[in-house]
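Student: I'm new to this one, and I'd like to go through it step by step. Could you show it to me before we start?

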Amino acid sequence: MNDREEIHKRYWIVWNPEKTRLIRWLNLVPDTEYLIPQILIVDADQSNWNKDQNGVGCVDFLSRELLDSFLDSEQQPAEIIEKCLEMDAGYVYNETPEIRTETDIENLEWASGGFHDACIIKEEMQENGTLYLRFEGTWGCEIEVWFWGDLEYDTSSRDPERYDPYWFGSTVILHDGFVYFVDETDMTVERISRDHCYFKARHMKYRIIPD
């Protein structure tokens, strides 16, 4: 089996639409040569997970063996379904989270894929001084981003009239009360220059728009 075939076999355990049973759901759209995500991870917290050396795992009251024992059964264990429902009921999805902590940065990284292949398709300064951006090209979604408060930015290096507008990756940094967002991986504040597409502000929030 080649790497592409292996990637297309990876899956997550998720709810069915009615939230009555757990099902396997492939991470990528099957039967295509392209890598098209079917699942977007918006919360990277795995603090209550048990994982193996390859990073494969699940919440601590389940296991691979236990899941495999009932996923294909018509009746799934009521106590497992109830416990999953309890966990799900306690989760509140924030549609437009603000970047305030390293955890927030990690969540954005997971959902956006690091903005790999992203491109700014809309840049708008709103009346209240907030900069609005809309990205396309991110795998499985488009992303809206807002910056405000002592705003500084430069997008000239991604001007599609002169340069390649597509991002390879990104870095988000919290430093001295500011949030920085730049179109290169593993960046530091000191290395940011006008050669980069970058944003600096007191506040940054975003919204994931699934394809």
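**Strands and helices**

Tutor: Let us begin with a pair of strands, β7 and β12, which are joined in the antiparallel sense over eight bridges; please keep in mind throughout that this is a predicted model.

Student: Okay, and which residue of β12 does Trp-148 stand opposite?

Tutor: Trp-148 stands opposite His-203 in β12.

Student: What sheet do these strands belong to, and in what order do the strands come?

Tutor: They belong to an open sheet of four strands, ordered β5-β6-β7-β12, and the pairing in it is antiparallel. The edge strands are β5 and β12, each of which pairs on one side only. On average, neighbouring strands of this sheet are turned by 15 degrees against each other, if direction is ignored.

Student: How many bridges are there between β5 and β6?

Tutor: Strand β5, residues 119-125, and strand β6, residues 131-136, pair over six bridges in the antiparallel sense. One detail is that Met-125 has Leu-131 in β6 as its bridge partner. The hairpin of these two strands has five residues between the strands, and in this hairpin Gly-129 takes a positive phi near 90 degrees.

Student: Switching to helices now: where does α4 lie?

Tutor: Helix α4 lies across β7 and β12, and it runs at about 30 degrees to β12.

Student: And which of its residues are buried?

Tutor: In α4, which covers residues 102-112, the buried residues are Asp-104, Ile-105, Asn-107, Leu-108, Ala-111 and Ser-112. Seen down the axis of α4, these buried residues fall within an arc of 160 degrees, so they line one face of the helix. Their cover includes β7 (141-148), β9 (171-175) and β12 (203-210).

Student: What comes just after α4?

Tutor: Just after α4 there is Gly-113, which takes a positive phi of about 65 degrees.

Student: How about α3, what span should its twelve residues have?

Tutor: At 1.5 Å a residue, the twelve residues of α3 (residues 78-89) should span 16 Å, and the end C-alpha atoms are 16 Å apart, which agrees.

Student: Which of its residues are buried, and what covers them?

Tutor: The buried residues of α3 are Ile-80, Ile-81 and Cys-84. They fall within an arc of 95 degrees when seen down the axis of α3, so they line one face of the helix. What covers them includes β1 (11-15), β2 (22-26) and α2 (64-70).

Student: Which exposed residues sit on the face turned away from that buried side?

Tutor: That face of α3 carries the exposed residues Ala-78, Glu-79, Glu-86 and Ala-89.

Key. Residues numbered from 1 in each chain as written. Predicted model: local features only at pLDDT ≥ 70, side-chain atom pairs only at ≥ 80, totals over all residues. Heavy atoms only, no water. Buried < 20%, exposed > 50% of the residue type's maximum accessible area, 1.4 Å probe, protein only. Arc of directions from axis to C-beta. Contact = heavy atoms within 4.5 Å. Expected span 1.5 Å × (residues − 1). Pairing = 2+ DSSP bridges. Axes fitted to C-alpha atoms, helices over the stretch in contact; angles between N-to-C directions.
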